[in-house]
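Q: I would like to learn how to read a fold from its coordinates. Could we go through it feature by feature?

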Amino acid sequence: MGLTKKPVHIFEPDPLQCGQAVLAMLLDKSVDEIILLCGTERETTLNDMKRVLKECSVEFEQTRKQAFSKEDLPKVALLSLETPKCWHWSLYFEGVFFDPEYGILADFPPSNRRYFWEIKE
């Protein structure tokens, strides 16, 4: 297993499945496959996300960093965003934001605070 070479955007099937959709895009899997790996159809925790990445042999930076602009991001990153509604998972991949709620974007989806974990290739 491992990272996709080029993500295909997936909208979250349910408003509580942004984490599963992000992992599906990053790992080139279906949301249903990720639900099985995560063990939940509901909100995913950071521990859920990290466990699935480890199980799929994806290396990532353990330390959370704050992003103030797109320029702060590495080539590939798992994003945790404080949106107007809730905390939300998103994916940044080679200059493009693949967001399970908002679609494919050139910049961050609406968010107040932005954190990331670098995904290593």
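A: Gladly! Buried means under 20% relative accessible area, exposed over 50%, and partly exposed in between (1.4 Å probe, protein chains only). Helices (H or I, at least four residues) and strands (E, at least two) are DSSP runs numbered from the N terminus. This is a predicted model, where local features need pLDDT of at least 70, side-chain atom pairs count only at pLDDT 80 or more, and totals for chains, interfaces and linings use all residues. Residues are numbered from 1 along each chain as its sequence is written, and side-chain values use heavy atoms, with hydrogens and water left out.

Q: Which residues of helix 3 are buried, and what covers them?
A: In helix 3 (residues 46–55), the buried ones are Asp48, Met49, Lys50, Val52 and Leu53. Contact means heavy atoms within 4.5 Å. The cover includes helix 1 (18–27) and helix 2 (31–38), along with strand 2 (76–82), strand 3 (87–93) and strand 6 (113–118). Just after helix 3, Ser57 takes a positive phi of about 60 degrees.

Q: How do I read the sheet?
A: Strands of a sheet pair through backbone hydrogen bonds, either parallel or antiparallel. Two strands count as paired if DSSP finds at least two bridges between them. Here 6 strands form an open sheet in the order 1-6-2-3-4-5, with antiparallel pairing. Its edge strands, strand 1 (65–66) and strand 5 (103–105), each pair on one side only.

Q: What are the partners of strand 2?
A: Strand 2 is joined to strand 3 by 7 bridges and to strand 6 by 6 bridges, antiparallel in each case. Ala77 stands opposite Tyr92 in strand 3, while in strand 6 Ser80 has Tyr115 as its bridge partner and Leu81 faces Arg114. A hairpin of 4 residues links strand 2 to strand 3. Strand 2 is also mostly covered, with 6 of its 7 residues buried.
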